[in-house]
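Dear colleague,

I am handing over the structure we spoke of, and it is placed directly below this paragraph.

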Amino acid sequence: AVVSTQSTGMDPNMMMMMPQMMAMAQMAMSQNSASNKKKKKASLWTEHTSPDGRTYYYHSETKQSSWSKPDELKTPSERLLSKCPWKEHKHAETGKIYFYNSDTKESTWSEPEEYTKIKEEIKKLEEKEAQADT
């Protein structure tokens, strides 16, 4: 179909470029949509708060609830830390920090080397992420 430039008030050169511009815009939108889907992959796990104020997680498909945060919702730092059997705790009476190994059932007041190494890896990872964001 031939469109008169008088009826549109548009430059004839611009009118010739319109189909190309439209195609480029559609391609850009579809690429953005695909990358957003990858970035915002919806999780079947959702975070909730119990009546007593504790956080729990619910899986909408399996109807399973968990006090532990699912790996799917964890940050890269949290996933790295969860691989270490040593966990940091605070003594109920003294408030002093201690470390407990869930595999060996061992506890210690001093930070275990394995835990220290993981914390250093996490610090490097977070610094790298912060640089990427700027």
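**Charged pairs and what surrounds them**

Lys74 forms a salt bridge with Asp71, the closest N and O atoms being 3.1 Å apart, where a salt bridge is a side-chain nitrogen of Lys or Arg within 4 Å of a carboxyl oxygen of Asp or Glu. Please keep in mind that this is a predicted model, in which local features need pLDDT of at least 70 and side-chain atom pairs count only at pLDDT 80 or more, whereas totals for chains, interfaces and linings use all residues. Residues are numbered from 1 along each chain as its sequence is written, and side-chain values use heavy atoms, with hydrogens and water left out.

Lys74 is found in the loop between strand 3 and helix 3 (76-82), helices (H or I, at least four residues) and strands (E, at least two) being DSSP runs numbered from the N terminus. Not counting residues up to four places away in sequence, Lys74 touches Lys69, Arg79 and Ser82, a contact meaning heavy atoms within 4.5 Å.

Lys69 also takes part in a salt bridge, its side chain meeting that of Glu78 at 3.1 Å, N to O. Both of these residues count as partly exposed, Glu78 at 31% relative accessibility and Lys69 at 25%. A further salt bridge joins Glu113 to Lys117, with the closest N and O atoms 3.2 Å apart; these two are 4 residues apart in helix 4, and therefore separated by about one helical turn. Glu113 is exposed at 57% relative accessibility, and Lys117 is partly exposed at 46%. The count of salt bridges comes to 4.

**Overall build and confidence**

The secondary structure of the protein chain comes to 4 helices and 6 strands, which follow the pattern α-α-β-β-β-α-β-β-β-α when read along the sequence. The chain has 134 residues, of which 13% are buried, and it exposes about 11000 Å², with carbon and sulfur atoms supplying 54% of that area (Shrake-Rupley method, 1.4 Å probe; for residues, only the protein chains shown count as cover). Among the contacts with a separation of 6 or more, 23% are between residues 24 or more positions apart.

The average pLDDT, the predictor's confidence in each residue on a scale from 0 to 100, is 80 for the protein chain, and 69% of the residues score at least 70. Over residues 1-5 the pLDDT is below 50, and this stretch has 5 contacts in the model beyond near neighbours in sequence. The pLDDT also stays under 50 over residues 21-25, for which the model has 1 contact beyond four places in sequence. Where pLDDT is low, the predicted coordinates should not be read in detail.

**Sheet and nonpolar core**

An open sheet of 3 strands has the order 4-5-6 with antiparallel pairing, two strands being paired if DSSP finds at least two bridges between them. Its edge strands, each pairing on one side only, are strand 4 (86-90) and strand 6 (107-108). Strand 4 is joined to strand 5 (residues 97-101) by 5 bridges, and the bridge partner of Trp86 in strand 5 is Asn101.

Trp86 also belongs to the largest nonpolar core, which has 7 residues in all: Leu80, Cys84, Trp86, Phe99, Tyr115, Ile118 and Ile122. Such a core is a set of buried Ala, Val, Leu, Ile, Met, Phe, Trp, Tyr and Cys residues joined through side-chain atoms within 4.5 Å. Helix 4 (residues 113-133) gives the largest share of this core, 3 residues. Leaving aside neighbours within four places in sequence, Ile118 is in contact with Leu80, Leu81 and Cys84.

Most residues other than glycine have a negative phi. Lys63 is found in the loop between strand 2 (55-59) and strand 3 (65-66), and Lys105 lies in the loop between strand 5 and strand 6. Lys63 counts as exposed at 56% relative accessibility, and Lys105 is exposed with a relative accessible area of 56%.

With best regards

Conventions
Buried means under 20% relative accessible area, exposed over 50%, partly exposed in between (1.4 Å probe, protein chains only).
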